[in-house]
Amino acid sequence: MAIMINHHTLAVAFGVLGNIISFFVFLAPVPTFYRIFKKKSTESFQSIPYLVALFSSMLWTYYALIKGDAFLLITINSFGCIIETIYIVIFLVYATIDKRNSALKIFLSMNLGAFSLILVITHFVLKGNQQIVVLGWICVGFSVSVFAAPLSIMALVIKTKSVEFMPFTLSFFLTMSAVMWFGYGLLLKDICIALPNVIGFLLGLVQMMLYVYYKYARKVEKVADETDLPELTAKNIVIFRGVGGDDVLVPVDIQRSVKNNDEIKEDAPEVVVEIQTEEHRGQPKKQEKSFEISNGISPA
């Protein structure tokens, strides 16, 4: 009896924590929709995650009502139905015509059409325990869809290498919510509640890893690529000027280190040159020192 009481207490504790975290899951898109409201545009945001989340909340509310003794499922999913409906209305108001039409088609076919069909079948065709089993597995399928819905956003992140349209808070709270509801379903021995949250936990981790990689890791790689410039070896031009006015340009190797746009120069070695032409043969030899021209162009 003590073990059963402990299990029940733990189940309630996980359920309450699941309600609290799921409450923040439903509120996580608020910054997104505030941005949509402020810019009067849905930009690249999609309606699918919110339509699927609304459908899932509708199914879980219906499942909890049929099963009974699942008050914690009813409370959070009722709230989910309300908040997701608000999100969808805002999306429809500021979406382009194409996006609005697409969202309305999905809403009518899935949230109204499919749910009405499920309601009729489970209520009039199936009886007793069959209702709970069939409806439970339908809930499992669409719960996985809720967790997998951001896959379209993940594909956009990989394609654009930007996390602008994948809110980290939503992924984080979905992952934590999956942990709580998995514990709740496990303690109640309800596989329909526990199973989808295992998948939700794994998908949530993948989303957060993508966010961290494209938000921070790629920035570090980019900075490293920009600062890791190779050493360059340059040649200085030295003029050898003979006594008769004949100029000879000779390249002299020096090491010039270029890094971070700072140039370090080594002076060219001093060169003493003796040049004689035929017309000046026999005359005293004249010595001149070479000089460096850093840009490689001799003066006129």
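This is a predicted model: local features need pLDDT of at least 70, side-chain atom pairs count only at pLDDT 80 or more; totals for chains, interfaces and linings use all residues.
**Entry 1: a buried threonine**

A residue is called buried when its relative accessible area is under 20%. I found Thr42 in the loop that links H2 to helix H3 (48-67). Is Thr42 buried or exposed? Its relative accessibility is 1%, so Thr42 counts as buried.

Next I looked up what surrounds Thr42. Setting aside neighbours within four places in sequence, I noted contacts from Thr42 to Ile36, Phe91, Tyr94, Ala95 and Lys99. Two names there sent me on to the helices: Ile36 in H2 and Phe91 in H4 also turn up where H2 meets H4.

**Entry 2: H2 against H4**

I checked how helix H2 (residues 30-39) sits beside H4. Their axes come within 10 Å and cross at roughly 25°. Angles under 35 degrees count as roughly parallel, and H2 and H4 are therefore roughly parallel to each other. I also wrote down the hand of the crossing of H2 and H4, which is left-handed.

Which residues make the meeting? From H2 I listed Val30, Phe33, Ile36 and Phe37, and from H4 Tyr87, Ile90, Phe91 and Tyr94.

**Entry 3: H4 itself**

I wanted to see whether the length of H4 fits a helix. H4 has 24 residues (71-94), and at 1.5 Å a residue they should span 34 Å; the end C-alpha atoms are 36 Å apart, which agrees.

Then I went through H4 for burial. The buried residues are Leu72, Leu73, Ile76, Asn77, Gly80, Cys81, Ile83, Glu84, Tyr87, Ile88 and Phe91. I kept a helical rule in mind while reading that list: an α-helix has 3.6 residues a turn, so residues three or four places apart point the same way. Tyr87 and Phe91 are among the buried residues of H4, and both Tyr87 and Phe91 are also among the residues that meet H2.

**Entry 4: the record and the whole chain**

I compared with UniProt. Its unreviewed entry annotates "transmembrane region" over residues 12-36, 48-65, 71-94, 106-126, 132-158, 165-187 and 193-214. I checked two of these stretches in the model. Residues 48-65 are 100% helix and 0% strand, with end C-alpha atoms 26 Å apart. Residues 193-214 are likewise 100% helix and 0% strand, and their end C-alpha atoms are 33 Å apart.

Last, I stepped back to the chain. Of the 300 residues, 37% count as buried. Among contacts between residues at least 6 apart in sequence, 68% join residues at least 24 apart.

Note on methods
Residues are numbered from 1 along each chain as its sequence is written. Side-chain values use heavy atoms; hydrogens and water are left out. Helices (H or I, at least four residues) and strands (E, at least two) are DSSP runs, numbered from the N terminus. The expected span of a helix is 1.5 Å times one less than its number of residues. Buried means under 20% relative accessible area, exposed over 50%, partly exposed in between (1.4 Å probe, protein chains only). UniProt positions are given in the numbering used here, feature names are shortened, and annotations may be inferred rather than shown by experiment. Axes are lines fitted to C-alpha atoms, for helices over the stretch in contact, and angles run from 0 to 180 degrees between N-to-C directions. Angles under 35 degrees count as roughly parallel, over 145 as roughly antiparallel, 65 to 115 as roughly perpendicular and the rest as oblique. A crossing is left-handed if the near helix is turned anticlockwise from the far one by less than a right angle, and right-handed if clockwise. Contact means heavy atoms within 4.5 Å.
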